[in-house]
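I'm opening a notebook page for this one.

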Amino acid sequence: QLQFVESGGGLVHPGGSLRLSCAASTFTLEYYQIGWFRQAPGKEREGVSCIGDDADNTHYADSVKGRFTISRDNAKNTVYLQMNNLKPEDTAIYFCNTVSTAVHCGNPFGSWGQGTQVTVSS
């Protein structure tokens with residue numbers, strides 16, 4: 001099964017940084033396209049950033065362009081999301097999953113994990 005463990009969240013002040021990690025628990029990530037998603041209370045889950053099996057194929061939601069960077073380390077079987085200049089509106093639970101297409105994080109089809117909480121507040 002396609003299962004993931006997210007980590008790296010926490011409480012930060014506006015303008016701070018976090019690096020989220022997505023580790024595959026049951027398979028090798030190397031040949032899969034991976035997306036980061038987030039969900040805030042009362043909001044629909046939305047795609048944040050996705051990366052193709054080709055690491056040069058990256059995509060970002062307009063709200064995070066220029067602030068977030070997605071990358072992958074196949075040797076560690078991990079995908080990262082570097083989050084800089086965080087804003088209160090970034091507060092959400094962040095999940096990762098396997099997607100059919102990296103463009104717009106289309107059609108996640110793996111199992112959803114518990115996610116990692118990111119809170120941006122003064």
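**Entry 1: C22 and its strand**

I looked up which residue in β8 is the bridge partner of C22, and it is V79. The model I'm reading is a predicted one. Zooming out from that residue pair, I see strand β3, residues 18-24, joined to strand β8, residues 78-83, by six bridges. These two strands run antiparallel.

Next I wanted the whole sheet. What is the order of its four strands? I get β1-β3-β8-β7, an open sheet with antiparallel pairing. β1 (4-7) and β7 (68-73) stand at the edges with a single partner strand each, so one side of each has no neighbour in the sheet. On average, neighbouring strands here are turned by 15 degrees against each other, direction ignored.

**Entry 2: aromatic rings**

How many aromatic pairs does the structure hold? I count four. One of them is F4 with F27, which I note as edge-to-face, 5.4 Å centre to centre and 90 degrees between the planes. F4 lies in strand β1 and F27 in the loop between β3 and β4 (34-39), so this pair ties together parts that are 23 residues apart in sequence. Buried or exposed, these two? Both F4 and F27 are buried.

Then I turned to F37 and W112. Why is this pair edge-to-face? The ring centres are 5.3 Å apart and the planes are at 85 degrees, so it falls in that class, the cut-off being over 60. F37 sits in strand β4, while W112 is in the loop between β10 (106-108) and β11 (116-120), so the pair ties together parts 75 residues apart in sequence. I also checked how open each partner is. F37 counts as buried at 5% relative accessibility, whereas W112 is partly exposed at 33% relative accessible area.

**Entry 3: charges over rings**

I noted two arginines here. R19 lies over the face of Y80, 4.3 Å from the ring centre. R45 has its charged end over the ring of F95, and there the distance to the centre is 5.3 Å.

Which strands does it pair with? On one count, β4 pairs with strand β5 (residues 46-51) in the antiparallel sense over five bridges. W36 stands opposite S49 in β5. β4 and β5 make a hairpin with six residues between them, and G42 in the turn has a positive phi of about 75 degrees.

On another count, six bridges join β4 to strand β9 (residues 92-101), again running antiparallel. The bridge partner of F37 in β9 is F95, and F95 is the ring that has R45 over it.

**Entry 4: Q33**

Where is Q33? I find it in the loop between β3 and β4. Its relative accessible area is 19%, so I log Q33 as buried, given that the cut-off is under 20%.

I then listed what Q33 is in contact with, leaving aside neighbours within four places in sequence. Among the residues are I51, G52, D53 and N57, along with N97, T98, V99 and S100. For D53, which is 20 residues away along the chain, I get a C-alpha separation of 5.1 Å from Q33. For S100, the side chain of Q33 reaches the backbone oxygen at 2.7 Å.

**Entry 5: positive phi**

Last, I went through backbone angles. Most residues other than glycine have a negative phi, so I wrote down the exceptions I came across.

N77 is one of them: its phi is positive, about 55 degrees, and it is not a glycine. N77 is in the loop between β7 and β8. With a relative accessible area of 19%, N77 is buried.

N107 also goes on the page, with a positive phi near 55 degrees in a residue other than glycine. I find N107 in strand β10.

Definitions and conventions:
Residues numbered from 1 in each chain as written. Predicted model: local features only at pLDDT ≥ 70, side-chain atom pairs only at ≥ 80, totals over all residues. Heavy atoms only, no water. Pairing = 2+ DSSP bridges. Axes fitted to C-alpha atoms, helices over the stretch in contact; angles between N-to-C directions. Phe/Tyr/Trp six-rings, centres within 6.5 Å; stacked < 30°, edge-to-face > 60°. Buried < 20%, exposed > 50% of the residue type's maximum accessible area, 1.4 Å probe, protein only. Lys NZ or Arg CZ within 6 Å of the ring centre and 35° of its normal. Contact = heavy atoms within 4.5 Å. Polar contact = N/O pair within 3.5 Å; in protein donor to acceptor, adjacent residues only side chain to side chain.
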